[in-house]
Amino acid sequence: MKKVLLSILILVLCACSINSTAKKTIEDYLNGYKYLSNEVLQDLDKVTNEENLTDEQKNNYKEALKRQYQSLNYEILKESYNGDDAIVTTKVEVYDLYQAQ
């Protein structure tokens, strides 16, 4: 697994509920991929259906992406607020698909 360090700087407008934090919003978003939420699976179907692929290729592509999503690991490094804006710095590790070829 190749370590990919991404500093995800996301401005989260506090349209979130009062009990929700920017950190929780990012965790929910990334966990949607890691645990293959219905929304993520629907988006995956939509994306693969738009590609010019055979059914077998679509299935292989979906399975490869699902494996990558499920192997996703992340660590929230920092969370800061400035008024209604939030910045969440996150380290994300994913499977390197290029090495798998």
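**Figure 1. The buried residues of helix 3.** In helix 3 of this predicted model, Lys-58, Lys-62, Ala-64, Leu-65, Gln-68 and Tyr-69 are buried (buried means under 20% relative accessible area, exposed over 50% and partly exposed in between, with a 1.4 Å probe and protein chains only). Seen down the helix axis, these buried residues fall within an arc of 165°, so they line one face of helix 3 (the arc is that of the directions from the helix axis to the C-beta atoms). Glu-56 and Arg-67, on the other side of helix 3, are exposed. Helix 3 covers residues 55-70, and its 16 residues reach 22 Å from first C-alpha to last, close to the 22 Å expected at 1.5 Å a residue (the expected span is 1.5 Å times one less than the number of residues).

A note on reading these views: residues are numbered from 1 along each chain as its sequence is written, and side-chain values use heavy atoms, with hydrogens and water left out. Because the model is predicted, local features need pLDDT of at least 70 and side-chain atom pairs count only at pLDDT 80 or more, while totals for chains, interfaces and linings use all residues.

Figure 2. Which residues of helix 2 are buried? They are Val-40, Leu-44 and Thr-48. These three cover an arc of only 65° around the axis, which puts them on the same side of helix 2. The buried residues of helix 2 pack against helix 1 and helix 3 (contact means heavy atoms within 4.5 Å). On the face turned away from the buried side, you will find the exposed residues Asn-38, Glu-39, Gln-42, Lys-46 and Glu-50. The end C-alpha atoms of helix 2 are 19 Å apart, which agrees with the 18 Å that its 13 residues should span at 1.5 Å a residue.

**Figure 3. Where helix 2 meets helix 3.** The axes of helix 2 (residues 38-50) and helix 3 come within 10 Å and cross at roughly 145° (axes are lines fitted to C-alpha atoms, for helices over the stretch in contact, and angles run from 0 to 180 degrees between N-to-C directions). Helix 2 contributes Val-40, Leu-41, Leu-44, Asp-45, Thr-48 and Asn-49 to the contact, and helix 3 contributes Lys-58, Tyr-61, Lys-62, Leu-65, Lys-66 and Tyr-69. By class, the contact has six nonpolar, two polar and four charged residues (Ala, Val, Leu, Ile, Met, Phe, Trp, Tyr, Cys and Pro count as nonpolar, Asp, Glu, Lys and Arg as charged, and the others, Gly among them, as polar).

Figure 4. Phi of Leu-36 is near 50°, a positive value in a residue other than glycine. Most residues other than glycine have a negative phi. Leu-36 is buried, with a relative accessible area of 16%. The buried residues of helix 1 itself are Ala-22, Ile-26, Leu-30, Gly-32 and Lys-34, and they pack against helix 2, helix 3, strand 1 (73-82) and strand 2 (85-93).

**Figure 5. Thr-89 and the whole protein.** Thr-89 lies in strand 2 and counts as buried at 14% relative accessibility. Thr-89 and Lys-23 are 66 residues apart in sequence and 9.1 Å apart in space, C-alpha to C-alpha. Zooming out, the protein has four helices and two strands (helices, H or I of at least four residues, and strands, E of at least two, are DSSP runs numbered from the N terminus). Along the sequence the pattern is α-α-α-β-β-α.
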